Amino acid sequence: MNYLAAMIVRVIGDEEESFWVFTNLFETILPIDYFCLMTEILVDQKILIQILQKKKTKLFKHLQNIGLDFAIISFQWFVCLLSANLTKEVAETIWDFLFLEGSVAIFRAIMGILTMLEDDLLQQDDFSELYQILDSKPKEKINSPEELISNMIKFRYIKQKSIDRSREKYRPLILEEQRSVWSDNSSADLPHPSDSSLFKRVKLLNKFFLLSKAMRNSREEALVNANDASITLKDKIK
């Protein structure tokens with residue numbers, strides 16, 4: 001999350017405003033459990049693989065034949081929301097879409113990036129070379145926000161609602177996989193989804209989300225009331 005915080009502070013500048021933008025990102029744009037045990041990131045990876053398999057079949061099969069698991073790369077992309085893999089201008093452009101259109105922007109951006117790198121990827125038959133292209137080439141080759149946007153537009157048919165539906169579909173599968181891993185490593189000091197403290201934390205986060213949503217719906221009224229309260233307090237002090 002350091003990359004995300006640094007990105008916001010760098011763009012916003014003011015620490016308090018950056019905090020609220022950061023809060024908004026975690027409460028309204030990303031799923032509530034995005035970084036909780038990385039469950040939702042694993043879910044989004046599975047969704048991305050399905051999209052890649054369907055819309056970039058040739059590239060997907062090529063990566064499979066070479067033995068490159070795209071999850072190795074995409075995990076970092078999702079964790080950092082592409083803020084660590086692209087130039088400042090390009091990353092900020094993606095984040096503009098992220099705040100405007102929701103987390104679907106990350107899927108469109110990744111598909112756009114793969115489109116721009118596709119020819120280079122298909123020409124390589126070496127695992128290490130493929131990995132290098134996906135790991136470092138985005139920052140070297142993708143330096144035009146306009147070009148990336150034009151490629152993102154090609155995937156505008158990917159909608160936030162369809163991503164949300166896919167998350168509901170795949171989340172139970174990922175949770176079951178995590179339970180299986182934890183069961184196999186029962187001797188390790190790992191948390192379990194049935195851990196009451198974890199459920200309490202998620203429950204608290206959801207309450208905070210609902211409270212924040214209610215506050216946003218009446219933001220102007222809240223600001224007016226806060227201002228009136230401040231004036232009243234000042235009058236009393238005087």
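Trainee: Is F70 buried or exposed?

Mentor: Please keep in mind that this is a predicted model. F70 has a relative accessibility of 4%, so it counts as buried, because buried means under 20%.

Trainee: And what about W77, buried or exposed?

Mentor: W77 is at 0% relative accessibility and therefore counts as buried.

Trainee: How many aromatic pairs are there in the whole structure?

Mentor: A search of the whole structure gives six aromatic pairs. One of them joins F70 and W77, with ring centres 5.8 Å apart and planes at 85 degrees, so this pair is edge-to-face.

Trainee: What kind of pair do W95 and F99 make?

Mentor: The pair of W95 and F99 is tilted, because the ring planes stand at 55 degrees; the ring centres are 6.2 Å apart. The cut-off for edge-to-face is over 60 degrees.

Trainee: Where do W95 and F99 lie?

Mentor: Both residues belong to helix α6, and they are four residues apart, about one turn of the helix. W95 counts as buried at 5% relative accessibility, whereas F99, at 33%, counts as partly exposed.

Trainee: Staying with that helix, where is E89 found?

Mentor: E89 is also in helix α6, which covers residues 88-101. This residue is partly exposed, with a relative accessible area of 47%.

Trainee: What separates the C-alpha atoms of E89 and N143?

Mentor: The distance between these C-alpha atoms is 7.7 Å, although E89 and N143 are 54 residues apart along the chain.

Trainee: A new topic, then: which residues does T115 touch?

Mentor: Leaving aside residues up to four places away in sequence, T115 touches K56, N151, K154 and F155. With K56 there is also a polar contact of 3.1 Å between the side chains. T115 itself lies in helix α7, residues 104-122, and counts as buried at 17% relative accessibility.

Trainee: Last topic: how many cavities of 30 Å³ or more are there?

Mentor: The search of the whole structure finds one cavity of that size. About 30 Å³ of space lies in the largest cavity.

Trainee: Which residues line the largest cavity?

Mentor: The lining consists of L30, Y34, D44, F78, L81, S103, I106, F107 and R167.

Trainee: How many of the lining residues are nonpolar, polar or charged?

Mentor: Six of the residues lining the largest cavity are nonpolar, one is polar and two are charged.

Terms used
Residues numbered from 1 in each chain as written. Predicted model: local features only at pLDDT ≥ 70, side-chain atom pairs only at ≥ 80, totals over all residues. Heavy atoms only, no water. Helix = DSSP H or I, 4+ residues; strand = E, 2+ residues; numbered from the N terminus. Buried < 20%, exposed > 50% of the residue type's maximum accessible area, 1.4 Å probe, protein only. 1 Å grid on protein atoms, 1.4 Å probe; cavity = no way out; pocket = protein on both sides within 12 Å on 5 of 7 lines; lining within 4 Å. Points joined across faces, edges and corners; volume = space filled by probe spheres on them. Nonpolar A, V, L, I, M, F, W, Y, C, P; charged D, E, K, R; others polar. Phe/Tyr/Trp six-rings, centres within 6.5 Å; stacked < 30°, edge-to-face > 60°. Polar contact = N/O pair within 3.5 Å; in protein donor to acceptor, adjacent residues only side chain to side chain. Contact = heavy atoms within 4.5 Å.
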